[in-house]
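I opened a new notebook page for a structure I had not looked at before. My plan was to go through it topic by topic and write down what I looked up.

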Amino acid sequence: MLKHMLCTILLVSLWSVQSLAAAEFNFSYPRSTVSMELQKVSEHVYFVQGATGVATDNQGFISNATVIIGDRAITIVDGLGSPSLAEQLLSEIRKISDLPVNRVITTHYHAEHIYGLQVFKDLGARIIAPYGVDQYLASKQAAERLEERRFSLEPWVNDDTRLISPDEIIRESIVIKEPGITMTVNYLGKAHSDADLTVLVEPDQVFITGDVIFEGRIPFVGDSDSKAWLETLDKMAEKQGVTALIPGHGSLARDPLKAIKLTRDYLAYLREQLGAGVEEMMSFDVLYDSIDWSPFEKLPAFELGNRVNAYQVFLALEKELFTN
């Protein structure tokens with residue numbers, strides 16, 4: 001009986017501390033109202049999973065962010081799609097740890113991963129990003145995308161939302177050692193985006209891939225280099241001992257090879273099917289309608305994204321054909 005009472009008091013006390021931490025969190029931006037749960041992956045690694053959908057669905061919470069808790073500090077991988085979402089993530093972190101966030105590793109600079117960076121930057125976190133993002137930040141495209149999101153995701157993205165330049169740009173893979181954990185940050189170059197990174201956390205053996213992997217749904221191809229992307233996935237498939245994979249979008253994969261295979265098979269199918277038609281000089285509309293899409297048509301985001309993906313790969317294959 002006494003043991004039961006002590007356990008009850010301990011649980012109530014723990015709940016009270018966590019609730020108090022959440023209540024006392026100082027929100028500076030409009031509060032997001034989406035559901036966000038910090039899921040434990042391993043001893044040191046947690047993540048939050050965005051919803052399946054287009055960029056402006058779910059108040060912009062469509063991408064994942066990872067939280068790595070060491071003995072002395074916290075590292076975050078990707079900053080989510082608004083300052084409001086980043087603050088919500090931070091409030092969730094504060095329920096389990098009061099350690100400082102000393103760095104954010106940004107796997108790539110697509111909008112749904114970076115508009116929350118200013119929250120962590122203002123707290124003193126160091127922003128790490130791959131070589132190539134500086135070109136994006138200086139581009140007309142970056143300014144136009146932010147302006148569009150200030151309209152489509154208002155009030156969570158607004159005039160106070162700003163683009164954050166990284167404190168450290170890496171051109172090759174690096175190893176970050178901290179008490180309790182080692183993080184290998186792999187520089188991939190152009191794959192899903194103009195510049196991509198992945199992160200391997202040891203000893204947990206958790207692999208964080210950014211948008212190089214989309215789990216349980218078709219990927220967003222955008223302006224990617226699908227040929228280089230495929231080569232990157234082939235190399236990933238050779239990794240041994242990884243126990244969990246956290247993608248840029250979609251659920252945690254306890255079978256990393258299966259997750260890699262889905263993205264790889266989709267990209268390979270696009271290039272194979274469209275490539276044959278490009279060589280025959282077929283028009284895109286005729287070619288698209290002639291392809292059997294049944295292997296992928298039941299996957300989430302197919303209706304929204306497949307035709308757009310196919311057209312981007314079609315244009316890239318035409319360019320490859322006429323420049324080789």
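**Entry 1: what kind of model**
I noted at the outset that this is a predicted model.

**Entry 2: nonpolar cores**
I began with the interior. In soluble globular proteins, nonpolar side chains tend to be buried together. I looked up the largest nonpolar core and found that it has 41 residues. Which of its members touch the most other members? I listed V67, I76, L89, Y109 and F120. Helix α2, residues 83-93, gives the most to this core, with five residues.

Leaving aside residues up to four places away in sequence, F120 touches I76, G79, A86, L89, L90, V101, V104 and A125. I also found a second, separate core of 35 residues. Its members include V212, L233, L245 and L267.

**Entry 3: Q59**
I next looked up Q59, in the loop between β2 (45-48) and β3 (65-69). Is Q59 buried or exposed? Its relative accessible area is 15%, and buried means under 20%, so I wrote it down as buried. The side chain of Q59 makes a polar contact of 2.5 Å with the side chain of T33. T33 is also among the residues that Q59 touches beyond four places in sequence.

**Entry 4: G216**
I moved to another loop, the one between β11 (206-214) and α7 (226-236), where G216 is placed. G216 has 34% relative accessibility and counts as partly exposed. With neighbours within four places in sequence set aside, I found G216 in contact with L262, L299 and P300. I also looked up its separation from H108, which is 108 residues away along the chain. The C-alpha atoms of G216 and H108 are 20 Å apart.

**Entry 5: salt bridges**
How many salt bridges does a search of the whole structure find? The search gives 13, and I took notes on some of them.

I looked up D234 and R264, whose side chains meet in a salt bridge of 2.5 Å, N to O. D234 lies in helix α7 and R264 in helix α8 (residues 256-279), so this pair ties together parts that are 30 residues apart in sequence. D234 is partly exposed at 34% relative accessible area, and R264 is partly exposed at 28%.

D265 is partly exposed, with a relative accessible area of 28%.

I also noted the salt bridge between the side chains of K190 and D194, at 2.7 Å, N to O. K190 is partly exposed at 32% relative accessible area, and D194 is partly exposed at 43%.

**Entry 6: a nonpolar surface patch**
Which residues make the nonpolar surface patch of about 330 Å²? I found M281, L321 and F322. Of these I looked up L321, which lies in helix α10 (residues 302-323). L321 has 34% relative accessibility, so it counts as partly exposed.

How values were computed: Residues numbered from 1 in each chain as written. Predicted model: local features only at pLDDT ≥ 70, side-chain atom pairs only at ≥ 80, totals over all residues. Heavy atoms only, no water. Patch = residues over 30% accessible without salt bridge, like charges linked within 9 Å, V, L, I, M, F, W, Y side chains within 5 Å. Areas by Shrake-Rupley, 256 points an atom, 1.4 Å probe, with all protein chains shown as cover. Salt bridge = Lys/Arg side-chain N within 4 Å of Asp/Glu carboxyl O. Helix = DSSP H or I, 4+ residues; strand = E, 2+ residues; numbered from the N terminus. Buried < 20%, exposed > 50% of the residue type's maximum accessible area, 1.4 Å probe, protein only. Polar contact = N/O pair within 3.5 Å; in protein donor to acceptor, adjacent residues only side chain to side chain. Contact = heavy atoms within 4.5 Å. Core = buried A, V, L, I, M, F, W, Y, C linked by side-chain atoms within 4.5 Å.
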